[in-house]
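Grab a pencil and work through these exercises with the structure open beside you. Try each task yourself before you read the solution.

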Amino acid sequence: MSLLEMRGIEASYGPSQALFGVDLQVGAGEVVALMGRNGMGKSTTIKVLCRLLRNSGGSVQFDGQDLARVPPHKAARAGLGLVPEGRRCFPNLTVHENLIAAARPGHWDVARVTTLFPRLAERRDQGARSLSGGEQQMLAIGRALMTNPRLLVLDEATEGLAPVVRQEIWAALSHLKAETGLALIVVDKSLAELRRMADRAVIIERGRSVWTGDMGALDASVADSYLGL
Amino acid sequence: MNREGLINASVYLALPVLALAALALDEPFTITLATRAAILALAAVGLNLALGLGGLVSLGHAVFFGLGGYAMGILASHAQSYAPLYDGWFVVEGTKSMPVIWLVAVLSSALAALIIGLLSLRTSGVYFIMITLAFGQMFYYFSISWPAYGGEDGLSIYVRNSFPGLNTLDPIQFFALVFALLSLVLWGMGRIARAPFGLALSAARQNAARVETVGLEPFRLRLVAFVISGAVTGLAGALFADLNRFVSPTMFSWQMSGEFIVFVVLGGIGRLFGPVAGACLFVLLEHTLSGVSEFWLVYVGAILLLVVLFARGGLIGSLAGREVADD
């Protein structure tokens, strides 16, 4: 059985419906690329998954548990780690404080996170708001890891970063995949990197999941018709 | 030690230095003034956990201050009249022992904070302010209309309560006791602010949704903070009553809650030593300006206005040259 099963998800922001039927499955240790053009419902799907938005239809099962009535903090405690879009750290805390504020016991601790991102060790006592964009992103990933999730969701983790920093983050994510077997959902614009990282892809168009398959099967014609690449 | 550290140390040491100087010069009234400042500082240090770290603008902290005061007043009045507090299946006597009074003050204000917090923390912003104010008014009018313990006239205690090994009627010894408690609470608050709980509370003040996505529940963080905050202010209330040997409904008044907020804002919101600086400044102004004019609060209002407009970091923040607190 999969770690995550989202079936027939429908969701609305007030009167305007954004999702009309999204299916998304993630197995243990699997890396799934969530793809689609802007405004097609990727971030909304992630919001539903992390319970920041209630779905009006369909079901979300995580590790056999129905998340229908679960508030966001309980979903996080169940093992859902979110790296939100826009590098959202706690700006008024230092790097170290960001990491320990939400720590829960498990494999990941400050030492392991700073081994993954050595820059965070250098900036240990610096305020998060004074970090560069890339460092803030590393901190956001590190903070999510500190909660010891079983599924880590990365929403546009490399957006707006310099190519060098991007490579650093992709390297860290590959390391996560290879060494720890953590399941990932990755939303990103870089098809090349997703091909390298992801096992499967789910493409969302106008609030529906329209294509699901192995990353290898995502050929030029699929990319052309759904992603406009 | 950085500049803010030096300022903190001088604010903290100003009180005992003043008290000792007054002792040397044989000015017991000044010692009492320092004691009053330390007690009000303690109350505001309690509020600062909710207001500064948690961002909870409570206009009802006088509830806890008053409960602490009445815990002292009720227990001590029964002890001085030798009438048991409760005489039924078992007998509860009054007491003149400070540690017992403190325990009752802390527990009763913590319980009140738990109930008020459970009801008010579901709301935020102006609704939170109004609910806490409403609770404050409830306690205030109840204390006025309850004749058993003096009603509007309040309750006088003839002799200050006792603490093992000390003569609490000696101003400097009572000051030392109060200052020791203030130091202990400041140490504890410093620990809380740097612990994961305090960090998460501080993060939730800035962005509650972000805190939820890492598995923390803002409501629970705030409730715990509110209870600790209320308990500390309750302890200060018991000490304040003991200092004056008098308890009255004024301790429950919303003006009292307002004063605590003023101490925190004057000194520097969210700064560990901010409320201490604020309370000391207030007592100093009260003492010097009330001799100048009976409308001395006008001057305090003007100073507060200047601080809010031009020195958001309060007294400590502007002296340290940094607006943002280390949190």
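**Exercise 1. Find the loop that holds Asp63(A), then say whether Asp63(A) is buried, exposed or in between.**

Solution. This is a predicted model, so keep that in mind throughout.
- Step 1: look at the loop between strand 4 (57-62) and strand 5 (65-66) of chain A; that's where Asp63(A) sits.
- Step 2: check the backbone. Asp63(A) has a positive phi of about 55°, even though it is not a glycine. Most residues other than glycine have a negative phi.
- Step 3: count neighbours. Asp63(A) has 16 C-beta neighbours inside 10 Å. Being buried takes 20 or more, and being exposed takes 12 or fewer. So Asp63(A) counts as partly exposed.

**Exercise 2. Describe how strand 1 and strand 2 of chain A are arranged.**

Solution. 
- Step 1: locate strand 1 (residues 4-13) and strand 2 (residues 16-26) of chain A.
- Step 2: work out the direction. The two strands pair in the antiparallel sense, over eight bridges. One pair to look for is Tyr13(A), whose bridge partner in strand 2 of chain A is Ser16(A).

**Exercise 3. Is Ile46(A) buried or exposed, and which residues does it touch?**

Solution. 
- Step 1: find Ile46(A) in helix 1 (residues 42-49) of chain A.
- Step 2: with 24 other C-beta atoms within 10 Å, Ile46(A) is buried.
- Step 3: leave out residues up to four places away in sequence, and Ile46(A) touches Val153(A) and Asp155(A).
- Step 4: follow the name Val153(A). In the largest nonpolar core, which has 178 residues, Val153(A), Val186(A), Ala41(B) and Leu42(B) touch the most other members. Helix 2 (residues 28-53) of chain B gives the largest share of this core, 17 residues.

**Exercise 4. Why can you call chain B as compact as a globular protein of its length?**

Solution. 
- Step 1: list the parts. Chain B has 13 helices and four strands.
- Step 2: compare sizes. The radius of gyration of chain B is 19 Å, close to the 20 Å that the globule rule gives for 327 residues, so chain B is as compact as a globular protein of that length.
- Step 3: Along its principal axes, the C-alpha trace of chain B covers about 55 × 50 × 40 Å.
- Step 4: look inside. Of the 327 residues of chain B, 51% count as buried.

**Exercise 5. Which part of chain B supplies the largest share of the side that touches chain A?**

Solution. 
- Step 1: get the totals. 15 residues of chain B are in contact with 21 residues of chain A.
- Step 2: helix 7 (196-206) and helix 8 (208-212) of chain B each supply at least two residues of chain B's side. Helix 7 gives the largest share, six residues.
- Step 3: sort by class. Chain B's side has seven nonpolar, four polar and four charged residues.

Conventions:
Residues are numbered from 1 along each chain as its sequence is written. Chains are lettered from A and ligands numbered from 1 in the order in which they are written. This is a predicted model: local features need pLDDT of at least 70, side-chain atom pairs count only at pLDDT 80 or more; totals for chains, interfaces and linings use all residues. Two strands pair if DSSP finds at least two bridges between them. Two residues are in contact if their C-beta atoms, placed from the backbone, lie within 7 Å. Ala, Val, Leu, Ile, Met, Phe, Trp, Tyr, Cys and Pro count as nonpolar, Asp, Glu, Lys and Arg as charged, and the others, Gly among them, as polar. The radius of gyration is taken over C-alpha atoms; the globule rule is 2.2 Å times the number of residues to the power 0.38. A nonpolar core is a set of buried Ala, Val, Leu, Ile, Met, Phe, Trp, Tyr and Cys residues joined through C-beta atoms within 7 Å.
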